[in-house]
Amino acid sequence: MLLEVNEIEVYYGKIAALKGISLTVDEGEIVALIGANGAGKTTTLKAISGLRPLSAGRIWFDGRDISRMPGHLRVVAGIGQAPEGRGIFPGMTVQENLLMGGYARRGKKDAELTEVYELFPRLAERKAQAGGTMSGGEQQMLAIGRALMARPKVLLLDEPSMGLAPILVAQIFSIISEINRRGTTVLLVEQNAAQALRLAHRAYVLETGRVVKSAPAAELLTDPRVQAAYLGGDLNTGSALTNSKPAHPGGLA
Ligand SMILES: Nc1ncnc2c1ncn2[C@@H]1O[C@H](COP(=O)(O)OP(=O)(O)O)[C@@H](O)[C@H]1O
Ligand SMILES: [Mg+2]
């Protein structure tokens, strides 16, 4: 097992965003986290990459307890993240942005650059262009490319399809599949549940800070309750998966 998240709790002030999330990711897998807005998907990724501290629980990565490891050391350990909202450096060129992502590795990074440009020919064409002047889709590619520069063992992706035109969504998903085919494990957060489930091997459904279901992705795609809650159009107004009263709109719990 490459990554094991065990009963983690994360708070924002007094508000519990994660109320005991557990999940695992095996080497070579694409695992998806799906769920409505506010379910805790981004917070889960931030807890794994070290951007949010744990109040309880543990995270194991590559045989080590990383629960208290600072974020920059998690990058060195092999956790790469392309954050929600891209987070690229707008004033730097595409290539400078990519080289910033390789800081965890010493040496010239030529091989990594070549590989990223192979995955994203568009970035190669624009290598001298300022990152901030790239389109939304190109900036998303740049954010993923930058994370790959450190040759992560696992790549954490937060809503890579957000705000992209359908044609670019398809492109991003096919590149994620290719990245995985080349050997990188992927933990993918998506509101675009249908597409995430088509890409992923397994998935977890999050609701208000808890995992309410986990199964092979193909199984979730055909689960009537998942279909009703998450695959039927507006992802934020789905019905409940579990049989309790729908105390809040948008969920299974
Ligand atoms: N910086 C923050 N300060 C306070 N509350 C936050 C912050 N970020 C997220 N939250 C809350 O934590 C919960 C989980 O948010 P988030 O992980 O962003 O969900 P998701 O990515 O699934 O939409 C939500 O209730 C959200 O309002
Ligand atoms: Mg989010």
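## Around R202

R202 sits in strand β9 (residues 202-207); helices (H or I, at least four residues) and strands (E, at least two) are DSSP runs numbered from the N terminus. Before going on, some housekeeping: this is a predicted model, where local features need pLDDT of at least 70 and side-chain atom pairs count only at pLDDT 80 or more, while totals for chains, interfaces and linings use all residues. Residues are numbered from 1 along each chain as its sequence is written, chains are lettered from A and ligands numbered from 1 in the order in which they are written, and side-chain values use heavy atoms, leaving out hydrogens and water.

What does the side chain of R202 reach at 2.8 Å? That's the backbone oxygen of T24. R202 also has polar contacts with the side chains of E29, at 2.6 Å, and Y204, at 3.1 Å. A polar contact here is a pair of N or O atoms within 3.5 Å; within protein, one must be able to donate a hydrogen and the other to accept it, and residues adjacent in sequence count only if both atoms are side-chain atoms.

Setting aside neighbours within four places in sequence, R202 is in contact (heavy atoms within 4.5 Å) with residues including D26, I30, A32 and P216. A32 is 170 residues away from R202 in sequence, yet their C-alpha atoms are 6.4 Å apart.

## Two helices side by side

The axes of helix α6 (residues 136-148) and helix α7 (residues 166-181) come within 11 Å and cross at roughly 10 degrees. So α6 is roughly parallel to α7, a label for angles under 35 degrees; axes are lines fitted to C-alpha atoms over the stretch in contact, with angles from 0 to 180 degrees between N-to-C directions. On the α6 side the contact uses G137, Q140, M141, I144 and L148, and α7 brings L168, Q171, I172 and I179.

## Ligand 1

| Polar atom | Distance |
|---|---|
| N37 side chain | 3.5 Å |
| G40 backbone | 3.0 Å |
| K41 side chain | 2.8 Å |

Methods. Angles under 35 degrees count as roughly parallel, over 145 as roughly antiparallel, 65 to 115 as roughly perpendicular and the rest as oblique.
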